[in-house]
Amino acid sequence: MGKTESFTDIKVLVVEDDDLLRRVMYDRLTASECEVMAADSLHDAHRLLASASFDIMITDIRLPDGSGLDLLEEQREAAPEMAIVVMTAFADVDTAVSALKQGAFDYLSKPFEDEQLYKILRNLKDKSKLTRKVETLKDYSLREFEGFVQFDQMIGTSAMTEIFNMAGRVAKSGATVLILGESGAGKGMLSKAIHRSSPRVKEPFVEINCSAIPEHLLESELFGYESGAFTDAKNKKLGLFEVAEGGTIFLDEIGDMDLALQAKVLKVLEDREFRRLGALRPTQVDVRIIAATNRNLKELVKEGTFREDLFYRLSVVPIKVPPLRNHPNSIEPMANYFLQLFAKQMGRVVQGFEADALSMLRAYNWPGNVRELRNVIERGLILSDGDYIKASALNLDVGAAPASAEEGSNLTELLPLAEIEKRHIKRVLKTLEGNRKAAAEVLQIHRTTLYKKIEVYELG
Ligand SMILES: Nc1ncnc2c1ncn2[C@@H]1O[C@H](COP(=O)(O)OP(=O)(O)OP(=O)(O)O)[C@@H](O)[C@H]1O
């Protein structure tokens, strides 16, 4: 007898009518810390199967009241997650093969050594580790397909695997998440995916862009007010924190929130309560907060425009979504993915991109990230009618020639500074398909400055 191996907690059912073999197996398996039950007939096996569940059943073929193969067939249906091993007489290869065909996990030909039994249990342990892994992947709604990972509706190449895994793991917990990344990189999509993979999935997901709403309105949007709280407040208004009760609130661009409101958000995080405007008593809430920003919060803390305590509260789980230019290997597969997605939606059949179109996609800097890539591909498809998308249909400004040929401007033309600024803003907006937020980022000016310039230059 070799060394006893330990297989703690594996539940085994042994079905064997030979008393000696049944005893020996029972003893060996018990010594290996398995939880063992033993039956000497089909009838007995059925009784035990009805009263408990097993990880593995090891059954003889020839039993006094029937065949182990029938038991195999029936239990493959009744308990598909239970592994079934059949014991055959020495050299009965045909029966062993037909058992495997019927879905047996393995077979043992009698007489067998302990090592053969241990090997099967080892394989079973590895398999259950694998299934557990698949289940957790399923849990996180993380899927792998054709070289992609998919998390909810987001796709990514290997560069995103770690981010998706982290998001999946954190989804299950109630932890606050801070998503960092440039505009269009997928922060909003990721926050929704986290919500949808979380136990709060059936509860509301509420999002608000903290920079898009004037500060004085943001407070009442988030926290609501009592009737009479101020002149216009005729009726009580529920804040988004209450609307999101039980679910998730996504605070986009939290870096742009003013300090007084930051203090209120901190209170929700710390005490799970807030006060409506004009309310005497606080309101309790159970809401998960996911915040996002494309700004450097640490810098804002240093500048004194972002609360340090809130920063630390929010950064329990920071997830950084990289800009597309930092994972250029994703450009081509993502472009192909979007191409096929839109082609399907439009009922078209396309093969792919022409070689220079691909080089153009690779060479471009993607300031608007995945959002821009998606838009460019959609437009490219609309503008092409052949099997392959041409470079001209992509209309990308690769190489960023500062004064482009459009509008007749060129570098030798002596233009007023304001005119150059106007044309440049126009070009950036056009490239980013009017996305002002992304344009402000590319131009490295504040969004309100951009709005003013759009107005002054009449570009709106
Ligand atoms: N990984 C991805 N898979 C599929 N589509 C994506 C992915 N990332 C971004 N997108 C596309 O880009 C769009 C913009 O993404 P999202 O709104 O999440 O970006 P964001 O980082 O929140 O940008 P913003 O800060 O401007 O709101 C999405 O609607 C989606 O179409």
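This is a predicted model: local features need pLDDT of at least 70, side-chain atom pairs count only at pLDDT 80 or more; totals for chains, interfaces and linings use all residues.
Let me begin with an annotation: the unreviewed UniProt entry places the feature "modified residue: 4-aspartylphosphate" at Asp60.

Where does aspartate 60 sit? It is found in strand β3, which covers residues 56-60. Is aspartate 60 buried or exposed? It counts as buried, because 25 C-beta neighbours lie inside 10 Å, and the threshold for that label is 20 or more. Leaving aside neighbours within four places in sequence, aspartate 60 is in contact with Val15, Glu16, Asp17, Gly68 and Met87.

Let me now widen the view to the sheet around this residue. Five strands form an open sheet, in the order β2-β1-β3-β6-β7, and their pairing is parallel. The strands at its edges are β2, residues 35-39, and β7, each of which pairs on one side only. From one strand to the next, the twist averages 20°.

Strand β3 runs parallel to β6 and is joined to it by five bridges. Here methionine 57 has isoleucine 84 of β6 as its bridge partner. β6 also pairs in the parallel sense with β7, residues 106-110, again over five bridges. Two positions illustrate that pairing: valine 86 stands opposite tyrosine 107, and threonine 88 stands opposite serine 109.

Next, the helices that accompany this region. Helix α2 lies across β1 and β2, running at about 145° to β2. One of its residues is alanine 45, α2 itself spanning residues 42-51. Alanine 45 is buried, since 25 other C-beta atoms lie within 10 Å of its own. Not counting residues up to four places away in sequence, alanine 45 touches Leu13, Val15, Ala39 and Leu71. Alanine 45 and valine 14 are 31 residues apart in sequence, yet the distance between their C-alpha atoms is 8.4 Å.

After α1 comes glutamate 33, with a positive phi near 70°.

That brings me to the backbone exceptions. In general, most residues other than glycine have a negative phi, and most peptide bonds are trans. Lysine 110 and proline 111 are joined by a cis peptide bond, with omega about -5°. Proline 111 has its place in the loop between β7 and α5. Asparagine 369 has a positive phi, near 55°, and is found in helix α15, residues 369-383. It counts as buried because it has 23 C-beta neighbours inside 10 Å. Glutamine 444 likewise has a positive phi, of about 55°, but lies in the loop between α18 and α19. Glutamine 444 is exposed, because 6 other C-beta atoms lie within 10 Å.

Let me turn to another sheet. This open sheet of five strands has the order β12-β15-β18-β11-β19, with parallel pairing. β12, residues 205-209, and β19, residues 317-320, stand at the edges with a single partner strand each, so one side of each has no neighbour in the sheet. The twist here averages 20° from one strand to the next. β12 pairs with β15, residues 248-252, in the parallel sense over five bridges, and valine 206 stands opposite isoleucine 249.

One further helix deserves mention. For α6, residues 158-172, the 15 residues should span 21 Å at 1.5 Å a residue; the end C-alpha atoms are 22 Å apart, which agrees. Its buried residues are Met160, Ile163, Phe164, Ala167, Gly168, Val170 and Ala171. In an α-helix there are 3.6 residues a turn, so residues three or four places apart point the same way.

I close with the protein as a whole. Its secondary structure comes to 19 helices and 21 strands. Of its 460 residues, 34% are buried. Among contacts with a separation of 6 or more, 65% are between residues 24 or more positions apart.

Terms used. Residues are numbered from 1 along each chain as its sequence is written. Two strands pair if DSSP finds at least two bridges between them. Helices (H or I, at least four residues) and strands (E, at least two) are DSSP runs, numbered from the N terminus. UniProt positions are given in the numbering used here, feature names are shortened, and annotations may be inferred rather than shown by experiment. A residue is buried if 20 or more other C-beta atoms lie within 10 Å of its own, exposed if 12 or fewer, and partly exposed in between; C-beta atoms are placed from the backbone. Two residues are in contact if their C-beta atoms, placed from the backbone, lie within 7 Å. Axes are lines fitted to C-alpha atoms, for helices over the stretch in contact, and angles run from 0 to 180 degrees between N-to-C directions. The expected span of a helix is 1.5 Å times one less than its number of residues.
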